[in-house]
Amino acid sequence: MDETYFEVKFRCIACGICCVGTQMELLADDIDRITGLGYRLEEFAVFDGSHYRLRNVDGHCYFYEPHRRTCKIYPHRPRGCRLYPLIYDGSGVTVDKTCPTWHTVPRREMARLAPHVVDFVRESGLTRLRVKLSHG
Ligand code: SF4
Ligand code: SF4
């Protein structure tokens, strides 16, 4: 499935709030795609003991350019960034109210993507194993 399938169709105003202090988990496919661009795993990711997550530098995601409010790898960004503001809050899929336009996410988008948010959570827990197998 094309990665663009996982993008939430709603009114994102590109404020960049979700790229500041990111804790976004990475999937093995995200890591393969981003390392394929020439970035090293250690420069853009941290391992927290159970998950790989995007690394923060100066308080924002390694890939965020605050002066331009853009993502350096936007067409290649991780699955979790595409699914945002849909998140799993520990008991179910919900819309993260930290996003200022969270209320513009249509119900049909929630219904379409909620199963993929659950898959994402499960897969991100297996990332360490998959990274170990493919990156040694
Ligand atoms: S916080 Fe919401 S509106 Fe702002 S860039 Fe992220 S997804 Fe878009
Ligand atoms: S990878 Fe891009 S979209 Fe995702 S948090 Fe970093 S800068 Fe934002």
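Me: Let's start with Leu-37: buried or exposed?
Reply: Leu-37 counts as exposed, because it has 11 C-beta neighbours inside 10 Å. The cut-offs are 20 or more other C-beta atoms within 10 Å of a residue's own for buried, 12 or fewer for exposed, and partly exposed in between, with C-beta atoms placed from the backbone.

Me: Before we go on, what kind of model is this, and how do the numbers work?
Reply: It's a predicted model, where local features need pLDDT of at least 70, side-chain atom pairs count only at pLDDT 80 or more, and totals for chains, interfaces and linings use all residues. Residues are numbered from 1 along each chain as its sequence is written, while chains are lettered from A and ligands numbered from 1 in the order in which they are written.

Me: OK, back to Leu-37. Where is its place, and what does it touch?
Reply: Leu-37 sits in the loop between helix 1 and helix 2 (41–44). Helices here are DSSP runs of H or I with at least four residues, strands are runs of E with at least two, and both are numbered from the N terminus. Leaving out residues up to four places away in sequence, Leu-37 touches Ile-73 and His-76; contact is C-beta atoms, placed from the backbone, within 7 Å. Gln-23, 14 residues apart from Leu-37 along the chain, has its C-alpha 21 Å from that of Leu-37.

Me: Zooming out, how many helices and strands does the protein chain have?
Reply: There are 4 helices and 8 strands. Along the sequence they run α-α-β-β-β-β-β-β-α-β-β-α.

Me: And the radius of gyration, what is it next to a compact globule?
Reply: The chain has 14 Å, which agrees with the value near 14 Å for a compact globule of 136 residues. That radius is taken over C-alpha atoms, and the globule rule is 2.2 Å times the number of residues to the power 0.38. The C-alpha trace spans about 40 × 35 × 25 Å along its principal axes, and buried residues make up 29% of the 136. Taking contacts with a separation of 6 or more, 72% come from residues 24 or more positions apart.

Me: Which residues touch the most other members in the largest nonpolar core?
Reply: Ile-31, Leu-83 and Leu-86, out of 27 residues in that core. By nonpolar core I mean a set of buried Ala, Val, Leu, Ile, Met, Phe, Trp, Tyr and Cys residues joined through C-beta atoms within 7 Å.

Me: Who else is in contact with Ile-31?
Reply: Not counting residues up to four places away in sequence, Ile-31 touches Leu-26, Leu-41, Ala-45, Tyr-52 and Val-131. Ile-31 is one of the buried residues of helix 1, along with Ala-28, Asp-30 and Ile-34. Those buried residues fall within an arc of 160° seen down the helix axis, so they line one face of helix 1. The arc is that of the directions from the helix axis to the C-beta atoms.

Me: And Leu-86, buried or exposed?
Reply: Leu-86 counts as buried because it has 25 C-beta neighbours inside 10 Å. It's in strand 7, and its contacts beyond four places in sequence are Val-8, Val-93, Val-95, Met-110, Leu-113 and Val-117. Met-110 is 24 residues away in sequence, with 7.5 Å from C-alpha to C-alpha.

Me: Switching to ligands. Which residues are around ligand 1?
Reply: Among them are Cys-12, Ala-14, Cys-15, Cys-18, Tyr-84, Pro-85 and Cys-99; the C-beta atom, placed from the backbone, has to lie within 6 Å. By class that shell is 10 nonpolar, 2 polar and no charged.

Me: How does the shell around ligand 2 divide by class?
Reply: It has 10 nonpolar, 1 polar and 1 charged residues, including Cys-19, Cys-61, Cys-71, Arg-77 and Cys-81.

Me: What about the peptide bond from Tyr-84 to Pro-85?
Reply: That bond is cis, with omega near 15°, and Pro-85 is in the loop between helix 3 and strand 7.

Me: Which way does phi go for Ala-14, positive or negative?
Reply: Positive, about 50°, although Ala-14 is not a glycine. Ala-14 lies in the segment before helix 1. Arg-69 also has a positive phi, near 50°, and lies in the loop between strand 5 (64–65) and strand 6 (70–71).

Conventions:
Ala, Val, Leu, Ile, Met, Phe, Trp, Tyr, Cys and Pro count as nonpolar, Asp, Glu, Lys and Arg as charged, and the others, Gly among them, as polar. Two residues are in contact if their C-beta atoms, placed from the backbone, lie within 7 Å.
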